[in-house]
Amino acid sequence: MARSPITHVETSSQGLIALVYGSNFNITNSSGTLVASTSSDQNDVVKVEEPGKGPIVAVAFSQDGSTFATCTNEKNVAIYDVGTWSTKRMLCIVKRATALAFDLDGTHLLIADKFGEVYRVSISDADSKPELLLGHVSIVCDVKVSFTTPSRVLTCDRDEKLRVSKYPNSYNIQSFGLGHKEFVTSIATAQFAPTCAVTGSGDGTIRLWEIESGQLLQTIQLEEFLQKYYQDGRAQRGVNSFEDRNASTERYGVLHVRAVESMQAFVAVVERIPAVVVLPFKNLFRDIYTVDIDRAPTDIAVAGSQAVVSLVPNIKDSANDDLVVALELSDKGTVAKDLTASLNAIPTQQVEQASPIPSIYVWGNKMYMEHPKD
């Protein structure tokens with residue numbers, strides 16, 4: 001038997017850590033002690049109502065940490081009160097979601113979907129219906145809200161674009177960020193740089209943008225910092241198959257970019273690369289470096305000066321391997337041993353064998369709906 005891998009990690013401003021596996025999630029405090037779970041039966045752990053059928057594909061905490069939301073690939077959205085872990089709302093949306101984000105005051109949840117649309121849902125009004133905010137002509141891969149005044153809705157899509165829209169009248173487009181050569185996977189905003197946004201892409205770059213104008217301020221070519229992992233064999237080379245759709249042997253597809261408020265920096269994880277990229281920020285990215293981890297990542301989240309990284313399972317020995325690692329970023333990424341041990345001691349679902357994590361280049365390929373010919 002093997003443990004189900006952690007596919008998503010999210011942290012709150014109050015120090016909580018959410019670890020998602022399959023259709024379940026665990027919530028821990030900042031020291032890694034389990035406090036709530038959809039699957040645990042421990043007496044001292046709050047049992048949370050399951051979010052619905054199907055694997056969880058997106059999660060988010062509100063800015064003040066008082067609300068938590070999930071969405072499954074069966075279109076079930078669940079919104080929880082973090083104080084009691086009771087359910088505030090459960091609803092079924094029309095299309096499959098790709099990303100979630102709360103607006104800054106935490107009154108609405110924004111839901112991006114595979115049909116290129118973003119809806120918003122009231123947290124408190126259980127009878128209200130999802131309200132269409134904006135639309136793309138391609139899959140929306142991520143959605144964030146800026147810290148500018150007034151705030152903006154930032155969305156990115158499979159057609160290489162960053163879009164900045166006014167809020168809540170998001171049919172009014174403020175700007176576009178154009179320059180990526182492949183699908184844009186992730187957006188990060190930060191309170192220490194409220195006028196800027198950072199994006200990661202399948203084109204192997206991380207880019208810095210001015211939000212209001214859409215001006216490209218800086219482009220980081222990740223190959224410069226990460227090629228060494230292919231050269232010494234630590235990174236897994238891609239294959240040209242339907243499951244991978246990666247014709248190149250070396251790719252630098254960004255999975256997630258996050259802000260580290262306490263350090264005025266950003267961090268990113270890249271598919272297949274067993275490392276975290278750290279990008280200190282002083283008007284521009286400066287003195288970029290990498291932190292090695294044991295295996296390739298699936299996601300990253302930041303709690304204070306620590307990063308929590310979920311890891312791709314070791315298919316041959318996933319019963320004994322760690323599922324996550326916590327890094328102390330203020331100390332050049334040394335492993336936070338106590339937090340790492342606590343998080344990995346929490347049980348997840350037992351499976352016969354850990355399934356491989358699909359490449360982002362499968363859905364990033366614009367012909368991803370095709371099936372292999374017999």
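Is Tyr80 buried or exposed? Keep that in mind while I go through the rings. One caution before that: this is a predicted model.

Tyr80 has 0% relative accessibility, so it counts as buried, the cut-off being under 20%. Trp85 comes out at 8%, and therefore counts as buried too.

Now, the rings themselves. A pair of aromatic rings is described by how far apart the centres are and by the angle of the planes. Searching the whole structure gives 14 aromatic pairs. One of them joins Tyr80 and Trp85, with 6.3 Å from centre to centre and 50 degrees between the planes, which makes the pair tilted. Tyr80 and Trp85 also belong to a cluster linked by ring pairs, together with Phe25, Phe61 and Phe68.

Next, a sheet. Four strands make an open sheet in the order E28-E29-E30-E31, and the pairing is antiparallel. Which strands stand at the edges? They are E28, residues 297–303, and E31, residues 334–335. Each has a single partner strand, so one side of each has no neighbour in the sheet.

The partner of E28 is E29, residues 306–311; the two are antiparallel, with 6 bridges between them. Within this part of the sheet, Ala303 stands opposite Gln306 of E29.

Last, the helix. H2, residues 337–345, packs on the sheet and touches E29, E30 and E31. E30 covers 324–328, and the direction of H2 makes about 160 degrees with that of E30.

How values were computed: Residues numbered from 1 in each chain as written. Predicted model: local features only at pLDDT ≥ 70, side-chain atom pairs only at ≥ 80, totals over all residues. Heavy atoms only, no water. Phe/Tyr/Trp six-rings, centres within 6.5 Å; stacked < 30°, edge-to-face > 60°. Buried < 20%, exposed > 50% of the residue type's maximum accessible area, 1.4 Å probe, protein only. Pairing = 2+ DSSP bridges. Contact = heavy atoms within 4.5 Å. Axes fitted to C-alpha atoms, helices over the stretch in contact; angles between N-to-C directions.
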